[in-house]
Amino acid sequence: MTGTPAPPDCALCGGTVAPDGYCWDCGEPQPAYRSHIETTLARAAGVSDRGKRRGVNADAMALTSAGAWRIGVVCDGVSMSPRPERAARVAADVGAAHLAAGLRAGTLPETVLVDAAARAGRAVSALAASVDEAPACTYVAGIAGPEGIWCAWIGDSRAYWLPDDGTCVALTEDDSGRHDALTAWLGADAGEPVASVRSLRPPGPGRLLLCTDGLTRHLPEAEGLRAVLARRRPSTPRDHSLLEDARVLIGYAMNAGGQDNITALLIHVGDTDHREIPASAP
């Protein structure tokens, strides 16, 4: 007979670690908590890493499906806010769950993307002790189905279309101003930002990439991202591993310094997208 595993001990004081990676006793974050995460789904995969300079991984990702739709959400906790990793985790989970429910109900992609981002924003705002103590994060979501791909974003996490052949496309535009300061984000101190939405009907197969600025500070251009992937890509696109592709992107950022948390989530888009995907939790 097996019981519930005992909670891990705090690396700093020996106390009990809570499910969110903080110690119940001393309140400190655990350095190894969510330091490297990998997730897979049929024709989709994601990798998130703490990087070399950050004590906590404040990035989060969610990957799920709804019928023939594949759904990905990537969030980046704003480092200057309290508990940014909690904001990112809540936003990713809430956004993905709302997208899956809406798409199963037949809601238009554009509508469900805006609604899901707003729902994620309200969930992050609810974490705040006050407007001055407000966890915050950026948000990017992507969905791929039989009729094309759609993405929605708030902040500077990005989406790219990386076709097997043809021109790569940056699907998002950073919500940022002077000195790259964010002009939109999720959190109680952000008001109620409305997500921007963009759609694309690809003429051929390729990959939808969702990522945080821990990757794009080193690879900001879409063609550069595809070039890195092409170095290890097999001759037959069907045979290549999206998880390995995500690992390659993370590895490139790590080798370039790994100055920030890094997340890369890839969804394959191609001639099998009419098939229903096995259900999974976000």
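Student: What does the pLDDT do over residues 235-239?

Tutor: In this predicted model, pLDDT (the predictor's confidence in each residue, from 0 to 100) stays under 50 over residues 235-239. The model has three contacts (heavy atoms within 4.5 Å) for that stretch beyond four places in sequence.

Student: And what is the mean pLDDT of the protein?

Tutor: The mean is 89, and 89% of the residues reach 70 or more.

Student: Which rules apply to numbering and atoms?

Tutor: Residues are numbered from 1 along each chain as its sequence is written, and side-chain values use heavy atoms, leaving out hydrogens and water. As this is a predicted model, local features need pLDDT of at least 70 and side-chain atom pairs count only at pLDDT 80 or more, while totals for chains, interfaces and linings use all residues.

Student: Turning to Asp59, is this residue buried or exposed?

Tutor: Asp59 counts as buried because its relative accessibility is 0%; buried means under 20% relative accessible area, exposed over 50%, partly exposed in between (1.4 Å probe, protein chains only).

Student: Where does Asp59 sit?

Tutor: Asp59 lies in strand E3 (residues 59-66); strands (E, at least two residues) are DSSP runs, numbered from the N terminus.

Student: Which residues does Asp59 touch?

Tutor: Not counting residues up to four places away in sequence, Asp59 touches several residues, including Arg34, Cys75, Thr212 and Asn261.

How values were computed
Helix = DSSP H or I, 4+ residues; strand = E, 2+ residues; numbered from the N terminus.
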